[in-house]
Amino acid sequence: MLFRYYWSLLVIVGCLTAGCAAKEEGTVIGISFETLQTEYWVASIEAMKSVCEENGVGYLEAVANGDANRQFEQVNNFISRGVDGIVIAPKDAHTVIPIIKAANRAGIPIAIYNRLPAENEGDYITVVADNYEISRNTVEYMAEVARESGKKHKAMILIGDLGDINAVNRRRGFDDALAAHKDLIEVVAEVPTEWNQEKALAGVTNALQVNPDIDFIFSSSDFLFPSVVSALKNADKYHPIGHPDHVILGGFDGDAMAYRMLREKYLDADGVQDVFFECQESVLAVIRKMREEQVPDLIVDPGFVIHQQNLEQKAESMWGASF
Amino acid sequence: MSNPVIFKRLRGQSIVILLALVILVFSLLSPGYFTTQNFLNILLQASGLTIVATGMTFVLLTAGIDLSVGSIMFVAGVISGKLVVGGLSVWLAVPVTLVLGIILGLMNGWFVVRFKIVPFIVTLATFFAGRGLGLLISETRAVNLPDEFLQIGSARILGIPLPVIIMIMVVAVAQLVLDRTVFGRQVYAVGNSQERSVKAGINLNRVLLRVYIICGCCAALGGLVAIAQLGAVSPTFGFQSEFMAIAAAVLGGTSLFGGKGRVFPGTLVGALLIQSIQSGLVIVNADPYLYPLITGTIIFLIVLVDSQRHYRRKQMKGIST
């Protein structure tokens, strides 16, 4: 009886090992995502899969649920299954370095999506939005709106996880844009959210309580908008554009809620990452690299700012509009 | 009263003293801190966490742990949110959410008592399964709730926000259960020694099953209270809430080894302390990089003081026996 159990176990392990070691047929790309916990990441992985299908490339997908070690293991698994290329949305700038090294050792082209790795000697392609420039342009537009109102403003920024280089660059963009408008806009609150909606709600509520005259808010991610809207409603400060007590609102990402708020005229401007462009470039860069074509090390998504004046022209490129 | 007695009593209330110190320091730094509105805000913002931490206290008292509370908040919130968006009355969604919490808590408890699996492992599995299920149902999209939900979160009775009233009721009932019922005494007994409690005739499985059900129910209710303030269930909702709930209970004096702790004032003050610090840092517009540093230092200090006290008490017991 015991022998039968061990024998069955051996057969199962054998099958699994053989399955893992077997080379995938045709051209296959491994797509590894750190998380799928926001709409942005879901839209990204879906876009990448579409690009693979359009180019006749197969794919394996893995999600690490925020665990950098697991992501490393998943990529090693891709390598042992003989993928031809890897696209990875990493947990952070540092934990991606051993992953790049592993791919380089195996001679597999690797593209890093959305997060710039820390400086290292590896061979890789990075496709990233210009978080700094997009934020700066968005806040610059908001400042122009503020200037047109002809009155002084008090500003608040919701900051993301300070361990995330994108959050840091968005904050820099905000600061630098407002540095030129010090005569008009005073930053009275910086709310760290760690990308957590409950912390964002508490932070915005507290900031509004101490500075009830805050009338200029920039959120480092659109996914924090439910918290901002809830806090503004509680403080009776959520009014559409044109209302005398309207709070100038801006965000970053281009998600579905931001699109709806733009349409309903509550949101003044939103910095949009071009998900379609970034995902296409990530997959195509790996395919070109496989064919030993020349590919730049860094592909920058310039993104764009969508606002009330260009909403109709730009809506089609805003990924949240179709999500 | 002699000085040593006063000091002894003060040492026993270190968490309350620390809370008072935090309030004093932030009040001196910003006049906006020491206001009725701010204290109401702190109570309101701590309400969800306090309710979740109350359930966690029951589990910790039995020397168990529940890592799944954040996922229970999320999955119960997503399911009830989807039902409301689909046309279910908001008031019917409340019992549905609580029942979901109870079912998930029952699952945790059942695996713990039936298969004797360590609670850490069982609830870790529920942690992943719950979040996965929630993401599957929500398709990783935010579930935006109708305005009636926000109205619950912002409703007031005699000027006191409804979430705060719910929190006070939960804390009061929980402490009454722990102090005045046979079940409450059994919870402490199980936490002190499972072996001795079985010898004393306590139905160990029933007590464990009940504490996980209570914890699941509190997680769902705490989640509901938080959602009522947010107006949406995002894919990250409840993420890492388990750590904050454990921190609030432990800060409030609940032992991770079981058998020691109280919901009132302990866990309540622990949650209020965490929220008071967060609120104070925003109000004084502190450098965002300082937040984790200050919060971590305060949590470390209070745990250090408590562990030293625990160590000294153990030494005294050793001497006396």
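Q: What makes the radius of gyration of chain B agree with a compact globule?
A: The globule rule is 2.2 Å times the number of residues to the power 0.38, with the radius taken over C-alpha atoms. For 321 residues that gives a value near 20 Å, and chain B has 20 Å, so the two agree. This is a predicted model, where local features need pLDDT of at least 70, side-chain atom pairs count only at pLDDT 80 or more, and totals for chains, interfaces and linings use all residues. Residues are numbered from 1 along each chain as its sequence is written, chains are lettered from A and ligands numbered from 1 in the order written, and side-chain values use heavy atoms, leaving out hydrogens and water.

Q: Why are β6(A) and β7(A) called paired?
A: Pairing takes at least two DSSP bridges. β6(A) has 7 bridges to β7(A), residues 185-192, so they count as paired, and they run parallel. Ile157(A) stands opposite Glu190(A) there.

Q: What about β6(A) and β8(A), which pair in which sense?
A: Parallel, over 5 bridges, with β8(A) covering residues 214-219. Met156(A) stands opposite Ile217(A) in β8(A).

Terms used: Helices (H or I, at least four residues) and strands (E, at least two) are DSSP runs, numbered from the N terminus.
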